[in-house]
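The sequence and the structure are shown first.

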Amino acid sequence: MNPQATATTPGGRDVLAHALASQVKLDVVETEHRGHAMAVARAAAADGIGLVVAHGGDGTVNEVVNGLLADTDGRPGQFDSVPMLGVVPGGSANVFARALGLPRDPVEATHVLLRALEGGHGRQVGLGRAGERWFTFNAGMGWDADVVAEVEQRRGKQTGPSLYLRTAVSCYLRHPRGRTSLTVRLPGEEPVEVRTAFVSNTAPWSYLGARPVQLNTECSFDTGLGLFALTSLGLPTVLRHVGQALRKRARHRGGRLLRHDDLAIVSITAKEQVNLQVDGDLVGQRRHVEFVSVPRALTVVS
């Protein structure tokens, strides 16, 4: 449990823990710092624990996933020994949980989890890897990663759609690192120079409040990765694709767009160090990243 997550309260966490303890032998750990959830999940996998439940936002879920899979080295033959994952959303966006079809309300999500455990229901999902880091729903280099970096500098403020929107506009107007040239390489195709690149493991790419942000609408946990990249960050191009991404039935059209679905691997190289984000968390700066699709990497109780 992440006690700092946006939508969690001490009373609510106690209720959830009591409900889960009625059906499973439960150990509760409240995270104390970044990386703590990853360490706990890795130890749980090493100890042969059957189920790890993440209660928090997408950052907490990402840490748990990376901990569970830390010792598999991305080898598919290792995944059967990994504990199952349960998710009880407690953040502001909860993109992974919503993509799984889970309720946003933590109590309702807990009831879904308990019913799934009782019925033995689990779903194998594909994940992505960005270099050494696993991601569940999206990753990116360029503009979106710069937005994540700046939002993280404002951790004292309440995060939410308005903060991300203001920061996105601010980063765009200040000519952020996202304008650095990136070279995208796909198997069997010529390299393409772009200005920002978004990699998806499912759809939607994210949410702006209740509204989904759609980039690769055909992407899912059962397919390969989706790539959405812009060869220009000119204002007309940006406004056109932002508008299309926010439509209920998003279909991206127009020039300056490089878009692919169901990719096994995407290689991106920058001319200088640029920010890299996975699942909405900054993981540092890179000049080269290989994004790899890993089918059926994890079993999620849902």
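Leaving aside residues up to four places away in sequence, Thr 202 touches Ala 99, Thr 136, Phe 137, Cys 219, Ser 220 and Phe 221, where contact means heavy atoms within 4.5 Å. The model is a predicted one, in which local features need pLDDT of at least 70 and side-chain atom pairs count only at pLDDT 80 or more, while totals for chains, interfaces and linings use all residues. Residues are numbered from 1 along each chain as its sequence is written, and side-chain values use heavy atoms, with hydrogens and water left out.

Thr 202 is found in the loop between β8 and β9; helices (H or I, at least four residues) and strands (E, at least two) are DSSP runs, numbered from the N terminus. Thr 202 counts as buried because its relative accessible area is 4%, the term buried standing for under 20% relative accessible area, exposed for over 50% and partly exposed for what lies in between (1.4 Å probe, protein chains only). Pro 204 belongs to this loop between β8 and β9 as well, and the peptide bond that leads from Ala 203 to Pro 204 is cis, with omega near 0°.

The side chain of Asn 201 reaches two backbone oxygens, that of Gly 126 at 2.8 Å and that of Thr 136 at 2.8 Å. These are polar contacts, that is, pairs of N or O atoms within 3.5 Å; within protein, one atom must be able to donate a hydrogen and the other to accept it, and residues adjacent in sequence count only if both atoms are side-chain atoms.

Beyond residues up to four places away in sequence, the residues that Asn 201 touches include Phe 135, Phe 137, Ser 220 and Leu 225. Cys 219 is 18 residues from Asn 201 in sequence and 6.4 Å from it in space, C-alpha to C-alpha.

## Ser 181

Ser 181 lies in the loop between α7 (161–173) and β6 (182–185), and it counts as buried because its relative accessibility is 6%. Its side chain is joined to that of Glu 193 by a polar contact of 3.2 Å, and among the other residues that Ser 181 touches, not counting those up to four places away in sequence, are Val 194, Arg 195 and Thr 269.

## Positive phi values

Asn 94, although not a glycine, has a positive phi of about 55°; its place is in the loop between β2 (84–89) and α4 (95–99). Asp 279, likewise a residue other than glycine, has a positive phi near 50° and is placed in the loop between β13 and β14.

In helix α6 (residues 143–152), 10 of its 10 residues are buried. What covers these buried residues includes β5 (138–141), α7, β8 (196–200), α8 (235–245), β13 (265–278) and β14 (281–300).

The chain is divided into domain 1 (10–120) and domain 2 (138–295), with bounds that come from an automatic or database domain assignment. Their C-alpha centres lie 26 Å apart, and 12 residues of domain 1 are in contact with 18 residues of domain 2.
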